[in-house]
Amino acid sequence: MNTKHLILAGCLLSVITAQAQNLLTVNADQGTDIISRHIYGHFSEHLGHCIYGGYWVGEDSPVPNTRGIRNDVVQALRDIQIPNLRWPGGCFADEYHWMDGIGPRDKRPKMVNTHWGGVTEDNSFGTHEFLDLCEQLDCEPYITGNLGSGTIEEMSKWVEYITFDGESPMSALRRQNGREQPWKVKFWGVGNENWGCGGNMTADFYADQYRRYATYCRDYADNRLYKIACGPNGNDYNWTETVMKNAGRQIQGLSLHHYTVPNNWTDKGSATLFTESDYFSTIEKTLFMDELVSKHATVMDRYDPAKRAGLMVDEWGTWYNVEPGTNPGFLFQQNTLRDAIVAAVNLNIFNNHCDRVKMANIAQTVNVLQAVILTDKDKMALTPTYWVYYLYKVHHDATLLPVSFSCNKYELNGKKMDAVSVSASRDARGKIHLTLVNIDPNNPQTVETELRGVKANRVTGRILTSAKINDCNTFEAPRAVGVKDFKDARLSGGKLTIQLPAKSVVMLEIEQ
C-alpha cells in the first residue's frame, strides 16, 4: 500500500471512529417512570407585555378576542397542549393582593408595579380573567400566593373564594362577581423567591412561614391542593436542606429557579448578536441544570426517599439584555435558534429526571424573556422555542425509556461538552419517541442507535434548524424558523442510523 492509500485509509478510519462514538442504546421494553405533562408548563407574570397586549386586549379591542383574551394566542398555545400556566408571578406575586383584581373592572383599584418598570397596574386582568384564560387553554391553573407582603388570612380566603362549593362570605362574593360554581385549582405556590424579592427571608424563617400558610390553605370538597414551597435560588443547597428538614412533611412540591445567563448579570449579552464563544457559554450554563436537579434531588431524597414531593423548576430559560430601545423593566428579548437549542436541552434534562421533576415552567410565555410567542397589536409571531414545545409534546405523560449514550464532543477554546442531548419515551399507544439535539453549531453528527426489546418497522421525524444559529422569527418574517419533515433516519437490520445536521433539534417517532 502506497503513502496515498495509507493516508486515505487513516482518514477513513478517523471518520468511522468519530462516528462510532455516537452510540445510543434505547431500552425500549423497559421504563417505569412517567414524564409528567406538567414538565411542559408555562409561566406568565404581570411583567411588560406578557399579560396586557400578550393575552389580554379587552373586550372592545379590534384584535379578535373572547371575553378580552386574544384568540390567536389561545389557539397557538392549545396547539402545543400547554398543561399548566403559572400566575401572577414571579416577584409580582408577593406584592399582589388578589381582592384588588375582582369585581367590576372600572371599580378595581390601581397599583404600581414596583418590580417591573414602575408602571401603573389597573388590575383589569385578575382571578376571573386568569381562570377564564386557563379554561380557554384547557390547562391547569397554577396560582402563586402572596407570602411576602400578604397575610395568611388573605391567601386562605383566596383558596376559599376560588374552590369552596358551599355557603360562605367568599363563595357568596364569587357568585356576586359572576361565577356560580367553584373552579378546580390544584397547584398553589406558597410565596415566590422568598430568599430575594419575596421578602429576603432566611431558610429557617421561610420554613416556619410556609408551615403556617400551608396549614390554612384548605381542601374544599374534592379539590385537593398541591402546595408548592419556595425552593432554592440556583445552587443554594442549604435552602433545600433547611426547608425539607423543617417543613418537608407539609410540602407537595419544592420550586427551583435557574436562568441561563451567557455572560453575567450586569451585562447578560445580546439575544441576537453573539459569537460562537457566547453560544458555547450559553449552552454550558444550560447544562448546569442537570447538576442542579441532581444535587437538589439528592438532598430531597434524604427527607423524602419515596419521592412523594416533586421538584418544580417553575422558572427557567434564557435571560439576555433587553432589545435596544425597549423598557429595561419589561424584559423583552428576541428569540433565536440558540434559544430553541437551550429549550430542547433543558426539556431532555427534565425528562431524564422525571422521577423527581414533576413540573417545569419556562419564563415567560408571551413577550418576556424566553417567550414562545411575540405579539404587537394584532400581529403575532411564534418563536423557535415555540417549535420545540410543538415537537416535544409527544412526551406528555409518556413512559421514560432508559438509554445509554456515548457521543462526540463539541469543543471550543480548550473546553468541551457532549455534542448531542437525547431523551426517549413510549406513549400509551406503544409508539417510541426520541428527541435529539445536535448542540454543535458546525458539524453534523451520525448517531448509531440500537433499539432493544422491540422490532421497529417504521420511523418518521420532524426537524427544527436554520442556516444560522442566530436566525429568528419576526412580525415581517414569522415563519423563517420552523419545523419540517426529517428524512435522515434509516432502519436497517434492527439498527437505526440518524444523521443530525449541525445546530438542530429532531423528533423521531418509531412504530413497531
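Colleague: What makes C91 buried?
Modeller: C91 has a relative accessible area of 12%, and buried means under 20%, with exposed over 50% and partly exposed in between, for a 1.4 Å probe and protein chains only, so C91 counts as buried. This is a predicted model, in which local features need pLDDT of at least 70 and side-chain atom pairs count only at pLDDT 80 or more, whereas totals for chains, interfaces and linings use all residues. Residues are numbered from 1 along each chain as its sequence is written, and side-chain values use heavy atoms, with hydrogens and water left out.

Colleague: Why is C197 called partly exposed?
Modeller: The relative accessibility of C197 is 27%, which falls between the 20% and 50% cut-offs, and therefore C197 is classed as partly exposed.

Colleague: How do you know that a disulfide joins C91 to C197?
Modeller: Their S to S distance is 2.2 Å, and a disulfide is a pair of cysteine sulfur atoms within 2.5 Å, so the pair qualifies. A search of the whole structure finds one disulfide.

Colleague: What makes the disulfide of C91 and C197 left-handed?
Modeller: The torsion about its S-S bond is about -90 degrees, and the disulfide is left-handed because of that value.
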